[in-house]
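Look at the model first, then read on.

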Amino acid sequence: MDFELSEDLIAVRDLAREFAEKEIAPTATKDDREHNFRGDLVRKMGELGFYGAVIPETYGGSGLGFLAMVLITEEIARVHSAMRVAINMQMGPALALLQFGTEEQKRKWIPPLVQGEVIGCFAITEPDAGSDVAGMRTTAVRDGDFYVLNGNKIWISNAPVTNGGLVYAYTDRAQKHRGMTAFYADFSEPGVMRKPLETMGAHCSPIGELTFENFRVPAANRLGKDGDGFKVCMWQLNQTRLNCAAGALGVAAAAKEAAISYCNQRAQFGQKIGEFQMNQDLIAQMVVHEEAARLLVYRAAWLADQKKPNNLETSIGKYTAAEAAAFAADGALKILGAYGYSTEFPVERYYRDAKSYQIVEGSSNIQKIIIAQDALGYRQANR
Ligand code: GRA
């Protein structure tokens, strides 16, 4: 195993770090409080190639791969977790198109996603179907050259601002998950209602409901065949989960850095608070959990770059990274005390953002189910 990053990977990581520190950091805390969606920065990230790392040059990407995507995401999330979501919203649909789309679909829709010229999204979750994807109710009924979609999606990142994206719906509910179909839909057509929703964190990343009422999607926008949707969705989630895992690594690093810096500057009872063993215990655990998670996430990305099965490794990486972020943010708040709780400083933002990683793209419990069932021999994760 080679633990060194190549020169290309170091260059792309440094570019992302510089962009995050120079362009995102100055307003991060303020913007997040004001729910300020930074369309300008989202566009710029596209121009810098942050969405195209996993997309071949033919479709406007750099083809650098999944490890590059992870490194970029980590750097963005270390400064501002909410801004990392943009990478997923552009990359997720682009990758699904790359894997399941026709040549025409790829050429038409991938480059604008990669450039950040359109704002993407993927619509899976519904009020009664979160962890249980197959429990969704949205339907797509064929009508000549169109499908007519009806249903309600919730907690959809970018819902208030997206131009369109992946939508999953049942074309034949009787077939259960084998009757689900995937579409790449343009939301400027009539029949799409949006409702923004408030959340605890990640305020710069707008989220909301999408309601489809007799929303007509051309049959030419279908990905694969009728009934391929669940497969497309599980495949897509495996890729986008890696982005969430990388985001969690970034938050874990940010919280740890804040805790260390405060330990070295704050004095109480006549000494730096880093001298107290209870704080050292927290710092040691933050370091270990974060580093372990990083190696696991990089392994999953490396496997993806080798085109080897990696669902299990991605779930292991995502679970570990989410828990490392939550641990680090919680620990940083303990160490910073009132300064951590204060909205003047970014640590409370890390805390709010860290919690999201235990929920999104398969909760920590869903990852544990995937991991345990594989270990027990009930259901193979890599299929
Ligand atoms: O044998 P078959 O033909 O019936 O196929 C089965 C299986 O082989 C069928 O699906 C196939 N399958 C897969 N195929 C390829 C299952 N997993 C995979 C796979 N990874 N690759 C049914 O399989 P099953 O295991 O019986 O399915 P299930 O029990 O209904 O569901 C499985 C599972 C719980 C893992 C799934 O529903 C799941 O992943 N749930 C979590 C939902 C999730 O992650 N939602 C994410 C929402 S989007 C989001 O959070 C956006 C965040 C954005 C951001 O912050 O960046």
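How many cavities of 30 Å³ or more are there? The count comes to one. This is a predicted model: local features need pLDDT of at least 70, side-chain atom pairs count only at pLDDT 80 or more, and totals for chains, interfaces and linings use all residues. Residues are numbered from 1 along each chain as its sequence is written, and side-chain values use heavy atoms, with hydrogens and water left out.

**The cavity**
- A cavity is a set of points on a 1 Å grid over the protein atoms alone where a 1.4 Å probe fits but cannot get out.
- The largest cavity holds about 80 Å³ of space.
- It is lined by 13 residues (an atom within 4 Å of a point). Phe37, Val42, Ala82, Ala86 and Asn158 are the closest to its centre.
- H5 gives the largest share of this lining, six residues.

**The second largest pocket**
- A pocket is an open set with protein on both sides within 12 Å along at least five of seven lines.
- The second largest pocket has a volume of about 540 Å³.
- Its lining has 16 residues, with Asp2, Phe3, Leu67, Tyr298 and Trp302 nearest the centre.
- Helix H8 (residues 277-305) supplies the largest share, seven residues.

Terms used: Points joined across faces, edges and corners; volume = space filled by probe spheres on them. Helix = DSSP H or I, 4+ residues; strand = E, 2+ residues; numbered from the N terminus.
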